[in-house]
Amino acid sequence: PAWLRRLCGQLLSERLLRPSGVQAVVRGIMEGTGGCAGAEAAAVDWRKCDAVAKILASCPQQCLSLEDYYSLVCPQILDLLHIQDKLTACQFQGVATRTLLTMVKEHPQLAEKHLLQPLLAPLLRCSEA
């Protein structure tokens, strides 16, 4: 029903905007998938990664602006690249990669500011020296 879809969307959006919310949402959705094992499991994981990326790239109605949303969520997306547990890292890196690609396609200027510049900052510092 529409009311349930709205309520779930609202709860999901509220969780995403909290500290470590992106990681909690990704963990909840990706739980029970096979990680990096097997071709069939990998295909399922990539479909899930795409679905999660679309969720993360979509600004919720509760946010005042797309800029505010990107400033809250993008650092959390970059944090997904630093997970230490190998099984979890594979899934989280897949989600982070797909989300980055989706955001760059949909809002290139904001993605550059909040994702690409922080991601490439160490490389740029080395090349300037």
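# Helices and core of a predicted chain

Of the 129 residues of the protein chain, 32% count as buried (buried is under 20% relative accessible area, exposed over 50%, partly exposed in between, with a 1.4 Å probe and protein chains only). This is a predicted model, in which local features need pLDDT of at least 70 and side-chain atom pairs pLDDT 80 or more, while totals for chains, interfaces and linings use all residues. Residues are numbered from 1 along each chain as its sequence is written, and side-chain values use heavy atoms, without hydrogens and water.

Q: How many helices and how many strands are in the protein chain?
A: Elements are DSSP runs numbered from the N terminus: helices are H or I with at least four residues, strands are E with at least two. From the N terminus on, the order is α-α-α-α-α-α. The count is six helices and zero strands.

Q: On which side or sides of α2 do its buried residues G21, V22, V25, V26 and M30 lie?
A: Helix α2 covers residues 21-30, and these five are buried in it. The arc is taken from the directions from the helix axis to the C-beta atoms. They span an arc of only 145° around the axis, so they lie on the same side of α2.

Q: Which residues have the most contacts inside the largest nonpolar core?
A: A nonpolar core is a set of buried Ala, Val, Leu, Ile, Met, Phe, Trp, Tyr and Cys residues joined through side-chain atoms within 4.5 Å. The largest one has 27 residues, and those with the most contacts inside it are V22, V26, V95, M103 and L115.

Q: Which residues is M103 in contact with, leaving aside its neighbours within four places in sequence?
A: Contact means heavy atoms within 4.5 Å. By that rule the partners of M103 are L56, A57, Y70, C74, I77, P108, A111 and L115.

Q: Which kind of aromatic pair do Y69 and Y70 form?
A: Rings of Phe, Tyr and Trp (its six-membered ring) pair if their centres lie within 6.5 Å; planes under 30 degrees apart are stacked, over 60 edge-to-face and the rest tilted. Y69 is buried at 0% relative accessible area, and Y70 is buried at 0% too. Their centres are 6.3 Å apart with 70° between the planes, and the pair is edge-to-face.

Q: How many disulfides does a search of the whole structure find?
A: A disulfide is a pair of cysteine sulfur atoms within 2.5 Å. C8 is partly exposed at 44% relative accessibility, whereas C74 is buried at 0%. The number of disulfides found is zero.
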